[in-house]
Amino acid sequence: MPQVPHLIKSRLPDVKMIVSLRNPIDRAYSHYWNLYAAAPEGDVNKRLSFEEKLEFTPRLIEEGFYDRKLSNYYTLFPKENILVVIFEEMMADQARHYRRIYEFLGIDLGVVPPLLDVRINAAASKLGRSKLLDLSYKALYRLVRLPSLSRRIDNFNAKKLPEMSAATRDNLRQKLAPSAANLERMLDRNINEWSL
């Protein structure tokens, strides 16, 4: 929605924003599997392959043109008010990135986030899960407050997503590479983790 940056600017002109960006191909694939997992049996989302879904839902890829979206914010807000976090870098060193976020927001660096190691809304975690293990995870985390044990159960219960075909990945890489290169210029840095 192109009007959103203007609405934010009109109501919160000095706001600080954090933008988290994931490899746009992996984000689209994960989004597809989230839709698949959420769809009831017999729904069209259960019948369409990833490639077919891309044809009928171009938004899955269009959301990955991050340079276009971010430029709308950079025209209205100073760059120092927008912190861009690369998801893959954050997952590789969460503590360092939380410190970076805390510094950006002016938060006490001694605060440890309670969900530091918890993956939320992971598409793979919704596919073929054991209901008993899922209930155990929720009980241990929410009721008994044993987060480290509950995380181990949840990780054990998560499934891996099927591999995307190499041809599809190459096709998407060609579509998204110019946008990623433009994003790197905007951020004045390389995003090596994406290999686009």
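At what angle do helix 6 and helix 11 pack, and how far apart are their axes? In this predicted model, the angle is about 30° and the axes of the two helices lie 8 Å apart. Angles under 35 degrees count as roughly parallel, and helix 6 and helix 11 are therefore roughly parallel to each other. On the helix 6 side, the contact is made by Y66, D67, L70, S71 and Y74. These residues meet S179, N182, L183, M186 and L187 of helix 11. By class, the contact of helix 6 with helix 11 comprises six nonpolar, three polar and one charged residues.

The protein as a whole contains 11 helices and two strands. Read from the N terminus, its elements follow the order α-β-α-α-α-α-α-β-α-α-α-α-α. The chain has 196 residues, of which 37% count as buried. Among contacts with a sequence separation of 6 or more, 65% are between residues 24 or more positions apart.

Helix 6 and helix 11 each provide at least two of the lining residues, and helix 11 has the largest share, with four. The lining of this cavity divides into seven nonpolar, two polar and one charged residues.

Of its 16 lining residues, R68, K69, L70, N72 and Y73 are the closest to the centre of the pocket. Two or more lining residues come from each of helix 1 (4-11), strand 1 (17-21) and helix 6 (66-74). The most, six residues, are given by helix 6. The pocket lining is made up of 11 nonpolar, one polar and four charged residues.

I8 lies in helix 1 and, with a relative accessibility of 23%, counts as partly exposed. When neighbours within four places in sequence are left aside, I8 is in contact with P13, V15, Y73 and F77. I8 and F77 are separated by 69 residues in sequence, and the distance between their C-alpha atoms is 9.9 Å.

One backbone angle was also noted. Most residues other than glycine have a negative phi. D188, although not a glycine, has a positive phi of about 55°. D188 is found in the segment after helix 11 (166-187). The relative accessible area of D188 is 70%, and the cut-off for exposed is over 50%, so D188 counts as exposed.

Definitions and conventions:
Residues are numbered from 1 along each chain as its sequence is written. This is a predicted model: local features need pLDDT of at least 70, side-chain atom pairs count only at pLDDT 80 or more; totals for chains, interfaces and linings use all residues. Side-chain values use heavy atoms; hydrogens and water are left out. On a 1 Å grid over the protein atoms alone, a cavity is a set of points where a 1.4 Å probe fits but cannot get out, and a pocket is an open set with protein on both sides within 12 Å along at least five of seven lines; lining residues have an atom within 4 Å of a point. Ala, Val, Leu, Ile, Met, Phe, Trp, Tyr, Cys and Pro count as nonpolar, Asp, Glu, Lys and Arg as charged, and the others, Gly among them, as polar. Buried means under 20% relative accessible area, exposed over 50%, partly exposed in between (1.4 Å probe, protein chains only). Axes are lines fitted to C-alpha atoms, for helices over the stretch in contact, and angles run from 0 to 180 degrees between N-to-C directions. Angles under 35 degrees count as roughly parallel, over 145 as roughly antiparallel, 65 to 115 as roughly perpendicular and the rest as oblique. Contact means heavy atoms within 4.5 Å.
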